[in-house]
Amino acid sequence: MFDYDFMRNAFAAAGIAAVLAGAVGFFLVLRGQTFAGHALSHVGFTGATGAALFGVSPLAGLVGFTLVAGVGMGFFGEKLAERDVAIGMVLSLALGLGLLFLHFYTSAATQATALLFGNVLGVDESALATLAILALVSLAALAFIARPLIFASLQSELTEASGVPLRAVSVAFLAVVAVAVAECAQIVGVLLVFTLMVGPAAAAANFSRRLGRAIALSAALALAQAWGGLTLAFYTDWPTGFWIVALSGVVYFVSLAARRAAG
C-alpha cells in the first residue's frame with residue numbers, strides 16, 4: 001500500500017487534516033457551534049467552485065471563502081440567537097453565489113464531484129505542504145486562544161465580566177474552524193466534513209469528562225478514522241469517504257452506549 005506515492009501523500013494529508021479536525025471539532029461541540037462547521041463546509045464549496053471558474057486553485061478559493069465567512073460569523077454574533085441568524089445569513093448568501101457559479105461551471109463535473117465528496121488520493125506534494133502549513137498555524141492559534149475559549153464556552157457571562165473580549169475570541173475561533181473545514185474538505189469533501197469534525201469530538205466527550213484528555217482523544221479518534229478509512233478503501237476499492245463516515249458512526253454509537261452503561 002505504501003509503495004505508491006499517492007497513498008503516502010493521502011495518508012499524510014489525511015493525518016494532518018484529521019488531527020486538526022479532532023482538536024477544533026471538540027471546541028465546536030463544547031460551544032454548541034456544530035451548525036457553524038456544517039455551514040462553513042457548504043460555504044467552502046462556493047469558494048472552491050468560484051475559484052475554479054476563474055482559473056484559480058480550488059484549495060485557495062476554499063480556504064479564502066471559508067476564512068472570510070468564518071470571521072463574518074464570529075463578528076456578527078456571539079449570543080446564541082444572534083449567532084444562528086448570522087450563520088444562516090452567511091450560508092444563504094454563499095449558497096446563492098454557489099448556485100450562480102454552478103450555472104456557469106458546467107464543463108468540469110468531475111472536479112465539482114471531487115469537491116463535494118473529496119479526493120484525498122489526488123493530493124500532491126504542493127497541496128500537502130500547504131495543508132501542513134495551514135494546520136500548524138491553526139493549531140498554534142487554537143492553543144493561544146484555548147484558555148479564554150474554554151472559559152467563554154463554559155462561563156460566558158463570568159468571562160465577559162472579567163474583561164475577556166468574547167467577540168474577538170469567537171472571531172479567532174471561527175477563523176480556525178474555517179481553515180479546519182477547508183482541510184477536511186480535501187479528505188472527505190464538503191458534504192462529509194461534519195462527520196470528521198464532529199463525530200470524533202462527540203465520541204470523545206462521551207468517553208471522557210476531562211477536557212485535556214477529551215481533546216487528545218478527539219484528535220486520536222479522527223486520525224484513526226481517517227487512516228482506517230484510507231486502508232479499507234485501498235483493499236475494498238470502496239470510497240474513502242464512505243469508510244470514514246462508517247467508522248465515525250460506529251465509534252460514536254459505541255461511545256454513546258458506553259456513556260449510558262456508565263450511568
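**Figure 1. Salt bridge between Asp5 and Arg8 in the predicted model.** In this predicted model, Asp5 pairs with Arg8 in a salt bridge whose closest N and O atoms lie 2.0 Å apart. A search of the whole structure finds one salt bridge. Asp5 and Arg8 both belong to helix 1 and, because they are three residues apart, about one helical turn separates them. An α-helix has 3.6 residues a turn, so residues three or four places apart point the same way. Asp5 has a relative accessibility of 47% and therefore counts as partly exposed. Arg8 is likewise partly exposed, its relative accessible area being 38%.

**Figure 2. Aromatic pair of Phe11 and Trp227.** Eleven aromatic pairs are found in a search of the whole structure. In one of them, Phe11 and Trp227 are tilted, with 6.2 Å from centre to centre and 45° between the planes. This pair links distant parts of the chain, as Phe11 lies in helix 1 (residues 5-31) and Trp227 in helix 10, 216 residues apart. Phe11 counts as buried because its relative accessibility is 8%, below the 20% limit for burial. Trp227, at 37% relative accessibility, counts as partly exposed.

**Figure 3. Edge-to-face pair of Phe234 and Tyr235.** The ring centres of Phe234 and Tyr235 are 5.1 Å apart and the planes stand at 90°, so this pair is edge-to-face. Phe234 counts as partly exposed, at 30% relative accessibility. Tyr235, by contrast, is exposed, with a relative accessible area of 60%, which is over the 50% limit for that class. Through ring pairs, Phe234 and Tyr235 are joined with Tyr4 and Phe6 in a cluster.

**Figure 4. Nonpolar surface patch that includes Leu121.** Tyr4, Phe6, Leu121, Phe234 and Tyr235 make a nonpolar surface patch of about 510 Å². Among these residues, Tyr4, Phe6, Phe234 and Tyr235 are also linked into a cluster by ring pairs. Leu121 is located in the loop between helix 5 (109-117) and helix 6 (125-154). The relative accessible area of Leu121 is 39%, so this residue is partly exposed.

Figure 5. Ser138 is a residue of helix 6. With a relative accessibility of 4%, Ser138 counts as buried. When neighbours within four places in sequence are left aside, Ser138 is in contact with Leu20, Val176 and Val179.

**Figure 6. Approach of Gly25 and Met197.** Gly25 has its place in helix 1 and counts as buried, at 0% relative accessibility. Not counting residues up to four places away in sequence, Gly25 touches Met197 and Ala201.

**Figure 7. Helix 11 and its cover.** Helix 11 comprises 23 residues (residues 240-262), which at 1.5 Å a residue should span 33 Å. Its end C-alpha atoms are 33 Å apart, in agreement with that expectation. The buried residues of this helix are Thr240, Gly241, Trp243, Ile244, Ser248, Ser255 and Leu256. What covers these buried residues includes helix 8 (166-188), helix 9 (193-207) and helix 10 (211-236).

**Figure 8. Chain context for the close-up views.** The secondary structure of the chain consists of eleven helices and zero strands, in the order α-α-α-α-α-α-α-α-α-α-α along the sequence. Of the 263 residues in the chain, 48% are buried. Among contacts between residues at least 6 apart in sequence, 76% join residues at least 24 apart. The chain exposes about 12200 Å², and carbon and sulfur atoms supply 70% of this area.

How values were computed: Residues are numbered from 1 along each chain as its sequence is written. This is a predicted model: local features need pLDDT of at least 70, side-chain atom pairs count only at pLDDT 80 or more; totals for chains, interfaces and linings use all residues. Side-chain values use heavy atoms; hydrogens and water are left out. Helices (H or I, at least four residues) and strands (E, at least two) are DSSP runs, numbered from the N terminus. The expected span of a helix is 1.5 Å times one less than its number of residues. Buried means under 20% relative accessible area, exposed over 50%, partly exposed in between (1.4 Å probe, protein chains only). Contact means heavy atoms within 4.5 Å. Accessible areas come from the Shrake-Rupley method with a 1.4 Å probe; for residues, only the protein chains shown count as cover. Rings of Phe, Tyr and Trp (its six-membered ring) pair if their centres lie within 6.5 Å; planes under 30 degrees apart count as stacked, over 60 as edge-to-face and the rest as tilted. Patches are made of residues with over 30% relative accessible area and no salt bridge: like charges are joined within 9 Å, nonpolar side chains (Val, Leu, Ile, Met, Phe, Trp, Tyr) within 5 Å. A salt bridge is a side-chain nitrogen of Lys or Arg within 4 Å of a carboxyl oxygen of Asp or Glu.
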